[in-house]
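Trainee: Could you walk me through this one? I have not looked at it before.

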Amino acid sequence: MSRVYNFSAGPAVLPEEVLREAADEMMDYRGTGMSVMEMSHRSKPFEQIITEAEQDLRDLMGIPDNYKVLFLQGGASQQFAMIPMNLMKNRVADYIVTGQWAKKAAKEAEKYGKVNRIASSEDKTFSYIPDCSDLPVSEDADYVYICENNTIYGTKFKKLPDTKGKTLVADVSSCFLSEPVDVEKYGVIYGGVQKNIGPAGVVIVIIREDLITEDVLPGTPTMLTYKTHADAKSLYNTPPAYGIYICGKVFKWLKAQGGLAVMKERNEKKAKLLYDFLDQSSLFKGTVVPEDRSLMNVPFVTGDADLDAKFVKEAEEAGLVNLKGHRSVGGMRASIYNAMPYEGVEALVAFMKKFEEENR
């Protein structure tokens with residue numbers, strides 16, 4: 001069977017070159033006579049894999065020397081607890097709630113201190129990003145938290161909030177490496193890799209060194225202390241070694257494509273193709289206000305649940321898979337991450353046109 005166009009929100013499409021390379025090395029990684037899956041994380045070959053992966057990520061994002069890069073486990077959801085455990089010194093934090101994941105993160109943080117929800121877009125089903133130019137940032141807040149790109153609802157912060165000098169913490173799971181980023185504007189950037197970077201099982205945390213201390217909340221487990229992992233260079237325990245190896249390959253692929261500025265250009269071109277169609281379609285409509293639309297996740301609906309289901313089923317038969325929207329919102333969603341080729345979006349738009357004609 002030929003490969004399908006996979007619009008899944010995550011685990012998601014990976015670059016074919018990366019998959020082929022991994023397949024070639026599956027039985028014998030560079031003359032070691034074994035797969036990376038079987039390799040000791042303390043071995044020289046693996047040490048080289050993780051060191052190179054970190055360096056390539058630093059190159060891609062321009063990560064300053066005073067930031068640590070950690071390859072961790074537990075997914076982005078484990079960071080919902082790890083962040084307050086490590087950063088909530090005053091036991092106060094401000095959260096901007098623009099979707100399901102920020103909402104869950106805020107709820108988790110309440111176990112550790114006072115959470116102020118200083119802005120939200122829940123009033124309109126998270127279909128926009130609130131104005132964050134003059135927020136009521138709490139004087140004693142340890143940090144301000146955002147989810148930068150909302151996978152479920154298809155919104156994206158085009159401009160970071162004014163945190164009035166407070167540390168900005170951002171979950172970038174679904175927009176990771178989709179465009180250039182100024183790391184110094186953040187105290188912590190983190191994300192699960194299974195959307196835009198690699199296989200499920202790895203979460204990358206980029207954290208400014210002054211935020212890594214032994215002064216964590218009482219009862220914080222050793223494994224949930226950033227210092228534990230920073231001191232051990234992400235090798236405190238057995239890391240998700242194979243996942244890190246694939247992420248490393250994706251970083252090299254991104255560099256070979258020309259880096260994040262090139263990816264942003266490509267992503268804008270793909271998104272424009274789909275949004276332009278949605279804006280003129282008489283059947284389908286996008287659910288997000290145009291100025292806050294994500295380049296990565298594009299939700300859309302027909303307004304008729306039965307027709308939505310028919311569309312998803314027929315699209316799958318045409319080799320366009322995983323277009324069903326998140327269970328909390330219904331409709332459809334096309335996730336068009338870095339590894340989704342332009343041709344994939346062209347095929348989707350052509351199919352949508354055909355479907356519209358047949359279902360007027």
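Trainee: What should I know about the model and its numbering before we start?

Mentor: This is a predicted model, in which local features need pLDDT of at least 70 and side-chain atom pairs count only at pLDDT 80 or more, while totals for chains, interfaces and linings use all residues. Residues are numbered from 1 along each chain as its sequence is written, and side-chain values use heavy atoms, with hydrogens and water left out.

Trainee: OK, how many helices and strands are there?

Mentor: The protein has nine helices and 14 strands, where helices (H or I, at least four residues) and strands (E, at least two) are DSSP runs numbered from the N terminus. Its radius of gyration is 21 Å, close to the 21 Å that the globule rule gives for 360 residues, so the protein is as compact as a globular protein of that length. That radius is taken over C-alpha atoms, and the rule is 2.2 Å times the number of residues to the power 0.38.

Trainee: And how much of the protein is buried?

Mentor: Of the 360 residues, 57% count as buried, where buried means under 20% relative accessible area, exposed over 50%, and partly exposed in between, with a 1.4 Å probe and protein chains only. As for contacts (heavy atoms within 4.5 Å), residues 24 or more positions apart account for 68% of those with a separation of 6 or more.

Trainee: Which residues does UniProt list for the domain?

Mentor: The unreviewed UniProt entry lists residues 4-348 as "domain: Aminotransferase class V"; UniProt positions are given in the numbering used here, feature names are shortened, and annotations may be inferred rather than shown by experiment. Over residues 4-348 the chain is 33% helix and 17% strand, and the end C-alpha atoms are 11 Å apart.

Trainee: What does the "binding site" annotation cover?

Mentor: In the unreviewed UniProt entry, that annotation covers A76, S77, W101, T151, D171, Q194, N237 and T238. These residues span 163 residues in sequence, and their farthest two C-alpha atoms are 30.4 Å apart, so they do not all gather at one spot.

Trainee: Let me pick one, then: where is Q194, and what is it in contact with?

Mentor: Q194 is in the loop between β9 (188-192) and β10 (203-208), and at 21% relative accessibility it counts as partly exposed. Leaving aside neighbours within four places in sequence, Q194 is in contact with G10, P11, A12, P199, A200 and V202. Among the other annotated residues, S77 is found in helix α3 (residues 75-87) and is also partly exposed, at 45% relative accessibility.

Trainee: You mentioned G10 and P11; what kind of peptide bond joins them?

Mentor: G10 and P11 are joined by a cis peptide bond, with omega about -5°, and P11 lies in the loop between β1 (5-6) and α1 (16-24). Most residues other than glycine have a negative phi, and most peptide bonds are trans.

Trainee: So what is phi for F126 and S234?

Mentor: Phi of F126 is near 55°, a positive value in a residue other than glycine, and S234, not a glycine either, has a positive phi of about 65°. F126 is buried, with a relative accessible area of 3%, and S234 counts as buried at 4%.

Trainee: Changing topic, how many aromatic pairs does the structure hold?

Mentor: The structure holds 13 aromatic pairs; rings of Phe, Tyr and Trp (its six-membered ring) pair if their centres lie within 6.5 Å, and planes under 30 degrees apart count as stacked, over 60 as edge-to-face and the rest as tilted. One of them is the edge-to-face pair of F300 and F311, at 6.0 Å centre to centre with 80° between the planes. F300 lies in strand β12 (residues 297-301) and F311 in helix α8 (residues 305-317), so the pair ties together parts that are 11 residues apart in sequence.

Trainee: What about F311 and F355?

Mentor: The ring centres of F311 and F355 are 5.2 Å apart and their planes are at 85°, so that pair is edge-to-face. It links distant parts of the chain, with F311 in helix α8 and F355 in helix α9 (residues 342-358), 44 residues apart. Both F311 and F355 are buried, and ring pairs link F277, F284, F300, F311, F351 and F355 into a cluster.
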